[in-house]
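Reader: I am new to reading protein models. Could you please go through this one with me?

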Amino acid sequence: MEEFDVIVIGSGSAGYVSAIRLGDLGKRVLIVENRVLGGTCLNRGCIPTKAILKASDIYREAHESKIFGITVNHVSFDPKGIKVWKETVVKKLVSGVDFLLKARKVEIKYGRGYLIDGNTVEIETAQGKEIYKGKDIVIATGSEPAMIPTFKIDHVNVLTSDDALELTEYPKKMIIVGAGAIGMEFATFFNSFGTQVTVVEMMETVVPTLKDKKLTTLIQRIYQKRGIEFKLGQKIESIDVKDNKVYLTLGNGEVLETEKVLVSIGRKLNSDNIGLEKVGIQTEKGRIIVNEYLRTNIEHHYAIGDVVGGLLLAHKAMKEGEVVAEIIAGHDTKMDYRVVPWAIFTTPEIASVGLTEEEAKTHGIDVVTGEFPFTANGKAVSMNATDGTVKVVARSDTKEIIGAQIIGPEASVMISELALAIKNKLTLKDVADTIHTHPTLPEAVMEAVKVPLGEAVHIVVRK
């Protein structure tokens, strides 16, 4: 029986990063993958959606080009061509992961991995079963779209996000269930190509994870202006398909008719049928329970990524991959979840880190806030991308920054500056006194932190 220092089960964002870092730290590593290297993010999530969203951005910008004095005639789109572009991007990055793993001498085995006893893993491959032993085991099996029985997902009329990425014809009408990250990104995409989109959300606001009523109202207004309709605070009682049309019955009795339904809520953690019960690893509602060192209750068994629950974000999973590798290698490291930014790649983008104003008040923290609209930012005006705002939240006594939210162009990029500020306990003055290049979008961050200091230059703050 061949033995490795570490066996990593799953090659998604958490798994492949962990394997690479382990290789750099001198460990002999085996990584087990049941589908394709890169997992959900690279093959069916973050990367392919960003590839198609770029296509929709280009199409929309071509139609809006007259404002810049540019005339583009006979603009059209080809769903099959967009799919080819998406697949080209994915293939290139998957091959990159393969190269990076092999450069660290990580061995790759394709098949389904099972924990069978102690530190032994059985891999069910196309050629048969193979057994390997690892001094340490890292479980990184990820998650997948939840198949919710009520929604009758048939992958033809009622779709998951995986199915939506494979479409070669776009419907004239689509209902998207869920106004979270996945739902809003696909709403942006299909709306850009002329699909009549309605988003149904059980909560009372769009992007429910953004707990700031003023900002979620702004987001809703921006996307309604683009023609996207919202049905908020509505449960779905039933979904029925008849004569290739889909009928949704809402909690208030309203029946909506559409061509396609995209279900963009709920993900199932991949903790079933991998042998957790055989070795006694504890779970809770499908989540593998780990401590701050990412250890399970069984010695030498770790878990990282979506399968441990929490925020199902690729960058959080990647960090867990790095941390667990360093822990296994004997470093004094542990996972710090205090500062995890997130972003939604709509147009405009939405991003947040730390606490919102409402969350801070819920925690009993007295705060001051500063907002700066992109209508007053020179670069945004020159880009014709003025929808949105930067909001910064700080403690009222020390002025330490504890949260920030951005709606606007390149929000996903700009949020990193504020994540760094929160991580290092910087104050409003620290960021305000940092000279920002002009003209750039991040100047909006500098101006936002100046507002509660009474130093804002490019807006008038009413006292």
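Author: Asp98 forms a salt bridge with Lys102, the closest N and O atoms being 3.1 Å apart. A salt bridge here is a side-chain nitrogen of Lys or Arg within 4 Å of a carboxyl oxygen of Asp or Glu. Please note that this is a predicted model, in which local features need pLDDT of at least 70 and side-chain atom pairs count only at pLDDT 80 or more, while totals for chains, interfaces and linings use all residues. Residues are numbered from 1 along each chain as its sequence is written, and side-chain values use heavy atoms, with hydrogens and water left out.

Reader: How are Asp98 and Lys102 placed in helix H4?

Author: They are 4 residues apart in helix H4, so about one helical turn separates them. Helices (H or I, at least four residues) and strands (E, at least two) are DSSP runs, numbered from the N terminus.

Reader: Is Lys102 buried or exposed?

Author: Lys102 counts as exposed because its relative accessibility is 51%. Asp98, at 21%, counts as partly exposed. Buried means under 20% relative accessible area, exposed over 50%, and partly exposed in between (1.4 Å probe, protein chains only).

Reader: Why do such side chains pair?

Author: Side chains of opposite charge can pair when their charged atoms come close.

Reader: How many salt bridges are there?

Author: The count comes to 30 salt bridges. One of them joins the side chains of Arg28 and Glu2, at 2.5 Å from N to O. This pair links distant parts of the chain, 26 residues apart: Arg28 is in the loop between helix H1 (13-24) and strand E2 (29-33), and Glu2 is in strand E1 (residues 2-9). Arg28 is partly exposed at 38% relative accessibility, and Glu2 is partly exposed at 32%.

Reader: Which residues are linked in a network of salt bridges?

Author: Lys83, Lys86, Glu87 and Glu166 are linked in that way. In another salt bridge, the side chains of Arg338 and Asp336 meet at 2.8 Å, N to O. Arg338 is exposed at 54% relative accessibility, whereas Asp336 is partly exposed at 27%.

Reader: A change of topic: which cysteines form a disulfide?

Author: Cys41 and Cys46 form a disulfide, with sulfur atoms 2.2 Å apart. The rule asks for a pair of cysteine sulfur atoms within 2.5 Å, and the count comes to 1 disulfide. The torsion about the S-S bond is about -135 degrees, so this disulfide is left-handed.

Reader: Is Cys41 buried or exposed?

Author: Cys41 is buried, at 14% relative accessibility. Cys46 is partly exposed, with a relative accessible area of 27%.

Reader: What about helix H7; which of its residues are buried?

Author: In H7, Leu215, Thr216, Leu218, Ile219, Gln220, Ile222 and Tyr223 are buried. These buried residues pack against several elements, including helix H6 (181-192), strand E11 (229-232) and strand E24 (401-408); contact means heavy atoms within 4.5 Å.

Reader: How far apart are the end C-alpha atoms of helix H7?

Author: They are 18 Å apart, which agrees with the 18 Å that the 13 residues of helix H7 (residues 213-225) should span at 1.5 Å a residue. The expected span is 1.5 Å times one less than the number of residues.

Reader: Finally, where is Ile67?

Author: Ile67 is in the loop between helix H3 (46-63) and helix H4 (79-103). At 57% relative accessibility, Ile67 counts as exposed.
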